[in-house]
Amino acid sequence: MDGWLPIIVMILLGAAFAGAGVLASQFLGPKNPTPEKLAPYECGVPPVGDARERMSVKFYLVAMIFLLFDIEVAFLYPWALALRQLGWVGYFQILVFFALLLSGFIYVWRKGVLDWGSEERI
Amino acid sequence: MIDMVVIPVFKMLVVITAVLSAVAYMVLLERKVQAWVQVRLGPMRVGPHGVLQPIADVLKLITKEDVRPASADRFLFTLAPILVVVPALIVFAVVPFGTSTTMFGKEISLYITDLDIGLLYIVSVASIGLYGLILGGWASNSKYPLLSSLRASAQIVSYEVAVTMTLVSLIVTAGSLSLVEIVKAQEAHGVWYVFIQPVAFVIFVIGALAETNRAPFDLPEAEQELVGGFHTEYSGMRFALFFLAEYTNMIVVSAVGVTMFLGGWLAPFSSVSWLAWLGLVPGWVWFSLKTFLLLSLFLWIRATLPRYRYDQLMRLGWKVLIPLALVNLAVSAVLKVLL
């Protein structure tokens, strides 16, 4: 736990500051709710339906690719620290790892997952 | 007792206060810079040249009516702004503002704590703030905030990969994850890492703009399309917390960028003999100056560049920056093994 105690105190301080701010505005601000004020904002017209509708599949795809890459980077941290000791062997091992991931990346690229606009706009 | 409790807590309070006041004046500075670029005066009414504007803003925000939409999720709606602010603030726990100073006959280190995995801590804590953005958009149960938080999450996640890869190539060069050790390694090398890793620095700055939702990548807040972004339904202090977190994040990425690439608290031109007197200035002054320079760059970019389109943004992130960061990493690893 060496060095982590200040971080816990820091979290408490930050949360106390934010919580106190929200609480203070509850007491200091006026309370005058009307049905229009409490409706979700949709440019002045009455809101239509629920906001939580289906969303584009692209967001899910990006999230999944991100997950793969982020795990790759998580593997890279210890490798980067120990690179001196690992030498060329470690270097080529990570290159093989890269190549496997890159083949997937190229597949995703060619499939058009990373293209968000229509073809002509690019 | 004094060494264990009073000094660390005092340091935390100083850091939090300094960051919060820096945020307040960043808002004013941004408005002023925007105004100057557009040949206007900017805020002039509150105090001479508007210097008291931030105080007026805070007072106004705290005494405003706090509206919560009837269809919003009560708990998450309040949790979201807090979840955005706290990670932004606690990143400063590992940022070194200098080595150490003597105050009242005591040796005081100018950082709150020095973790062995400081950089990993920053990367992981900084991404917690994203949960706040998503929850804020989701809990509002309103169409524009939800769209905006979806955009924000996809955008931040895309640039996260490129930024962390540049950080890994920097770890390769520095050989440590501790921020204090990284600055000391730059001192030992005798050159800041921006000159060893220029490509990484450029990717880092672009990624930092995208991850803090700053222009030209401020698509989650594109007011022509999405009204106000993920905080459309927020008002009063909860809105202020979102605002605060955005500017705190700007200061965070600048401070981290300065530590990683611009030599942290080190004085410039340390090898030039007739400029050696620059080393007499305390380290935290250099640190603040460099952070201020990087922040000014952000403001300058905001005032100069138009906003990107979403497909351009994703193309830049995935098809340019990530391959570039990979190549940069491979090259710096070769150099590390060779030298």
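This is a predicted model: local features need pLDDT of at least 70, side-chain atom pairs count only at pLDDT 80 or more; totals for chains, interfaces and linings use all residues.

Me: Why is the pairing of B:Lys319 with A:Asp115 called a salt bridge?

Reply: The closest N and O atoms of B:Lys319 and A:Asp115 are 2.4 Å apart, and the rule asks for a side-chain nitrogen of Lys or Arg within 4 Å of a carboxyl oxygen of Asp or Glu, so the pair qualifies as a salt bridge. Across the interface of chain A and chain B the rule finds 1 salt bridge, and the count of residue pairs in polar contact between these chains is 7.

Me: What makes up the side of chain A that touches chain B?

Reply: By class, that side has 44 nonpolar, 11 polar and 11 charged residues, and H1(A) gives the most to it, with 17 residues.

Me: How do you know how much area is buried between chain A and chain B?

Reply: Buried area is the accessible area that two parts lose on being put together, summed over both, and for chain A and chain B this comes to about 6500 Å², with carbon and sulfur atoms giving 76% of it. In chain A, the residues that lose the most area to chain B are A:Met10, A:Arg52 and A:Tyr77.

Me: Which residues lie nearest the centre of the largest pocket, and what makes them part of its lining?

Reply: Lining residues have an atom within 4 Å of a point of the pocket, and 31 residues line the largest pocket, with B:Val14, B:Val15, B:Ala18, B:Phe97 and B:Trp284 nearest its centre. H1(B) gives the most to this lining, with 12 residues, and the lining as a whole divides into 25 nonpolar, 4 polar and 2 charged residues.

Note on methods: Residues are numbered from 1 along each chain as its sequence is written. Chains are lettered from A and ligands numbered from 1 in the order in which they are written. Side-chain values use heavy atoms; hydrogens and water are left out. On a 1 Å grid over the protein atoms alone, a cavity is a set of points where a 1.4 Å probe fits but cannot get out, and a pocket is an open set with protein on both sides within 12 Å along at least five of seven lines; lining residues have an atom within 4 Å of a point. Helices (H or I, at least four residues) and strands (E, at least two) are DSSP runs, numbered from the N terminus. Ala, Val, Leu, Ile, Met, Phe, Trp, Tyr, Cys and Pro count as nonpolar, Asp, Glu, Lys and Arg as charged, and the others, Gly among them, as polar. Buried area is the accessible area (1.4 Å probe) that two parts lose on being put together, summed over both. A polar contact is a pair of N or O atoms within 3.5 Å; within protein, one must be able to donate a hydrogen and the other to accept it, and residues adjacent in sequence count only if both atoms are side-chain atoms.
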